[in-house]
Amino acid sequence: MSLAPLARIPKAELHLHIEGTLEPELAFELAARNGITLPYADTEELRKAYLFADLQSFLDLYYSLMAVLVTEDDFEALADAYLARAAEQGVRHAEIFFDPQAHAARGVEMGTVVEGLHRALARSEARHGISTKLIMCFLRDRSAESAMETLEAAKPYLDRIVGIGLDSAEVGNPASKFREVYEAAGALGLRKVAHAGEEGDPSYVWEALDILGVERVDHGLRSLEDPELVTRLVRDRIPLTLCPLSNVRLRTIDMLEDHPLVKMMDAGLLCTVNSDDPSYFGGYVGDTFHAVHEALGIDHERVRELARNSFVASFLDGSAEDEALRARYIAEVEAYELDDISG
Ligand code: HPA
Ligand SMILES: [Zn+2]
């Protein structure tokens, strides 16, 4: 089924784990190529395992399926498949997370991951019409020392990496553990984001802001629970990269209709809508725009605001060239015809 025009409004995707775009078909193809036997008979059986009770139950499957990603070619194929899908969904710019520690743990080195992804990203503008940036995430359920070693391993590739993030199991792994590595990354000129307030309470968002000095908060779903935090996020224009379909699949909220997106926008927060791990959570970012339009009754002007916000919140501000690209994308958003569209 082709996507409705509303869902294809030009947009940036700012919260997207490339490993979370691994579709079952590609997983089986790569498994065959690498001589790996998956513990599922076929793609149908694998899809049946996509029923999650919480973040951890998802992460268990997400990490185990990564076993099929071994060579540069595999990472290139993964990114290429995502970019092709994203182009159909109206994505014009993508800031893509990857999890090097999850690959290093299997003996796959930083260079294999970065070079493989980079091959696909380098031709993305020409092939898919999508500009890209790469963000390296640390796993917050691993040690601070391991994060520092990962930053060290990334040093030869910093021309390919715009920033750092923090993901994996949140509760019990506060941001404060990673103060030093964020300081070191900042000194190297890397931009800073972190997952915070996904399952964790607002204190996790405060730590990301005050201890790590992040410029953007990934999720921040529970921010409304703390009015002072809202005041701070609004004052400093800190963008939130919300992922509504992820929140439903990981049972942080019961139903999409309960999502606080509209209340957050009403409170003046700079909200963006993203897909997180689209292969696992039932939709890519255009599908997500469509779903929030339907479930939350978000009108056309709010859809346009979300699309505009995605570029405002992007890291397309590091050079005159990037600024010009951003201005062009925002002009595309403003010119995009929504009024004749029913949805
Ligand atoms: O949704 C997520 N949350 C935290 N870590 C993750 N790593 C991949 N996806 C996620
Ligand atoms: Zn995420």
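The shell around ligand 1 divides into two nonpolar, five polar and four charged residues. Here Ala, Val, Leu, Ile, Met, Phe, Trp, Tyr, Cys and Pro count as nonpolar, Asp, Glu, Lys and Arg as charged, and the others, Gly among them, as polar. The shell consists of H17, G20, L55, Y62, D167, S168, H195, E198, S246, D276 and D277. A residue is near the ligand if its C-beta atom, placed from the backbone, lies within 6 Å of it.

This is a predicted model: local features need pLDDT of at least 70, side-chain atom pairs count only at pLDDT 80 or more, and totals for chains, interfaces and linings use all residues. Residues are numbered from 1 along each chain as its sequence is written, while chains are lettered from A and ligands numbered from 1 in the order in which they are written.

Now the strands. Helices (H or I, at least four residues) and strands (E, at least two) are DSSP runs, numbered from the N terminus. Strand 1 (residues 11-17) runs parallel to strand 2, with five bridges between them. Two strands pair if DSSP finds at least two bridges between them. K11 faces V91 of strand 2. Strand 2 also runs parallel to strand 3, joined by six bridges. There, F98 lies opposite M136 of strand 3. Eight of the eight residues of strand 2 are buried, that is, 20 or more other C-beta atoms lie within 10 Å of their own, with C-beta atoms placed from the backbone.

Helix 6 (residues 110-122) packs against strand 2 (91-98) and strand 3 (131-139), among others, through its buried residues. These include M110, V113, L117 and L121.

Key: A residue is buried if 20 or more other C-beta atoms lie within 10 Å of its own, exposed if 12 or fewer, and partly exposed in between; C-beta atoms are placed from the backbone. Two residues are in contact if their C-beta atoms, placed from the backbone, lie within 7 Å.
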